[in-house]
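Trainee: I have just opened this one and could use a guide. Could we go through it piece by piece?

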Amino acid sequence: MNYISTRNKSLNLNFGNIFLRGLAPDGGLFLPKEIKKFSEDELKELSTLNYIDLGVEIISKFCLPVLEKNKIKKLLDKAYSDFNTQNVVEIKNIDNVSLLELYHGPTLAFKDIAMQVIGLMYEALDLNKKKINIVVATSGDTGSAAIAALKEKENINLFVLHPHEKISNIQRKIMTTCDSNNIFNIAVKGNFDDCQRMVKQMFNDEEFREKINMSGVNSINWARIICQIVYYFYAYFKFSKKVNFSVPTGNFGDIYAGYVAKKMGLPIDKLIVATNENDILCRVINSGEYRPSETKPSLSPSMDIQVASNFERLLFDISNRDDQKVIKSMDNLTKKGFFKLDNEELKKLRENFAAVRINDSETLRIIKDFFINYGFILDPHTATAVGASYKAKNKSKTIVLGTAHPFKFLETIKLAIGKNIEPPKQFLNLSKKVEKFEIIDNKLKDIRNYILEKAK
Ligand SMILES: *Cc1c(COP(=O)(O)O)cnc(C)c1O
């Protein structure tokens, strides 16, 4: 499988190249040249596999010939060996909600599912003969998942930028109490969009990128997406009839993986984008205008995002893979602060996606009601997707993606149900551990200098 960029269709790179680079040299996002559909017979075959074997079949489609099937099998076996459930994910039917729990990995959020694999890919691809410096922006969960996957790795440094005081206390503590000396936590005095923008600027600075041999593990890295496609297939096969998926959405990575699954032939009806009050994706689906506004802090901080990077991949697709059009839209976004979809694009968007906004008070009520009615505690992100599935009113069965364990958002849960949650066993001593992080101004120069100094 070879790869192009959303801003340059004539690019031709293999999986190893795009994995290390993360972002395309033209500032676009990498995409495979083509996405093949599974036939009905193939789908039938896939439906009999366990999670890891299914993962091997799907992931290898995108990595061959750079990574062979047997290598991927080894990788997945190791990546998921310390998940606390047999088949990586769990599906629970609670009243009329089917919940796909994706948070059984080491840091209790769905980010582990891709990140644990990616951490091992650096070794499998034989990339780290030279020291690699990975820079990642996090809205709270990506950072801890990356740290868990990359701590103590030889020849890798990891720099994690999180927005200062805009993530939950537990999210911060999980990241900053890691005492491996290849991990550097930076609290940026800004919001997530600032962190992500600066990471992209560093990637686009050829000299800087080369100097530190920079790599990235944000969901702009295609490898994240391919690992996330697997659970859409896995969940679908448990029901084997047309389904919707309701997905708590921030950077559009997770739900975009669902869209790719659909392109690969999975009979998905609607992908329901659940957002909090940072509802840019809702607005674009309803009005056709993509216009970021101020980011508002909410009870679901991992979704407090206005610039949803992966939307560019979808834009490329719904505009009939027109790279020039994508360049123009992205240019408008930078210069005028927005771009518009034409009718054809909007039609394709609405064929595949619906969007529902759930505000903080609704989120609290959903957590409370769900607890009272079923004795089950939802995290605030998952709660938005449960709310969206109620509101979306669609005839097909809806599977809700559970993206985090409620323990990560203790304060909010306490607010909703008036109770504390017991920490899962890996986090029993979290409050006693020493935190280590650097607070840095929201300035590219300062962040760059810090990274340059530590990257030596
Ligand atoms: C990252 C995250 C999301 C949003 O996922 P995207 O791929 O950025 O859309 C939702 N919920 C939780 C708990 C997350 O950590």
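Predicted model: local features only at pLDDT ≥ 70, side-chain atom pairs only at ≥ 80, totals over all residues.

Trainee: Okay, how many bridges join β1 to β3, and in what sense do they run?

Mentor: Strand β1, residues 3-5, is joined to β3 by 3 bridges, and the two run antiparallel. They belong to an open sheet of 3 strands with antiparallel pairing, in which the order is β2-β1-β3. The edges of that sheet are β2 (8-13) and β3 (30-32), each of which pairs on one side only. On average, and ignoring direction, neighbouring strands of this sheet are turned by 40 degrees against each other.

Trainee: And the sheet with 6 strands, what order do they come in?

Mentor: The order is β4-β5-β15-β10-β11-β14, and this open sheet has mixed pairing. At its edges stand β4 (90-94) and β14 (353-357), and each has a single partner strand, so one side of each is left without a neighbour in the sheet. From one strand to the next, the twist averages 25 degrees.

Trainee: Then which strands pair in the parallel sense?

Mentor: Strand β10 (residues 243-248) and strand β11 (residues 268-275) do so, over 5 bridges. Here the bridge partner of Val247 is Val273 in β11.

Trainee: What lies across β10 and β11?

Mentor: Helix α11 lies across β10, β11, β14 and β15 (397-402), and runs at about 170 degrees to β11. The helix is mostly covered, with 9 of its 11 residues buried; among them are Ile255, Tyr256, Tyr259 and Val260. Just after α11 comes Gly265, which takes a positive phi of about 110 degrees.

Trainee: At what angle do α10 and α11 pack?

Mentor: Helix α10 (residues 222-239) and helix α11 (residues 253-263) pack at an angle of about 65 degrees, and their axes are 8 Å apart. The crossing of α10 and α11 is right-handed.

Trainee: Which residues meet there?

Mentor: On the α10 side they include Trp222, Ile225, Tyr232 and Phe233, while those in α11 include Gly253, Ile255, Tyr256 and Val260. The residues of this contact between α10 and α11 divide into 11 nonpolar, 3 polar and 1 charged.

Trainee: Changing topic, where is Ser396, and is it buried or exposed?

Mentor: Ser396 lies in the loop between α17 (380-391) and β15. With a relative accessible area of 17%, Ser396 is under the 20% limit and therefore counts as buried.

Trainee: What does Ser396 contact?

Mentor: Leaving aside neighbours within four places in sequence, Ser396 is in contact with Lys242, Val243, Asn244 and Asp269. With Asp269 there is also a polar contact of 2.7 Å between the side chains. As for Glu40, Ser396 is 356 residues from it in sequence and 20 Å from it in space, C-alpha to C-alpha.

Trainee: What about Asn157, where is its place?

Mentor: Asn157 sits in strand β7, which covers residues 156-163, and Asn157 is buried, with a relative accessible area of 5%. The side chains of Asn157 and Asn133 are joined by a polar contact of 3.0 Å. Not counting residues up to four places away in sequence, Asn157 touches several others, including Lys131, Ile132, Phe184 and Lys454.

Trainee: Last one, what does Asn213 touch?

Mentor: Not counting residues up to four places away in sequence, Asn213 touches Leu20, Lys130, Lys131, Ile132 and Asn133. Asn213 has its place in the loop between α9 (206-212) and β9 (214-215), and at 15% relative accessibility Asn213 counts as buried.

Definitions and conventions
Residues numbered from 1 in each chain as written. Heavy atoms only, no water. Axes fitted to C-alpha atoms, helices over the stretch in contact; angles between N-to-C directions. Helix = DSSP H or I, 4+ residues; strand = E, 2+ residues; numbered from the N terminus. Left-handed = near helix turned anticlockwise from the far one by under 90°. Contact = heavy atoms within 4.5 Å. Nonpolar A, V, L, I, M, F, W, Y, C, P; charged D, E, K, R; others polar. Buried < 20%, exposed > 50% of the residue type's maximum accessible area, 1.4 Å probe, protein only. Polar contact = N/O pair within 3.5 Å; in protein donor to acceptor, adjacent residues only side chain to side chain. Pairing = 2+ DSSP bridges.
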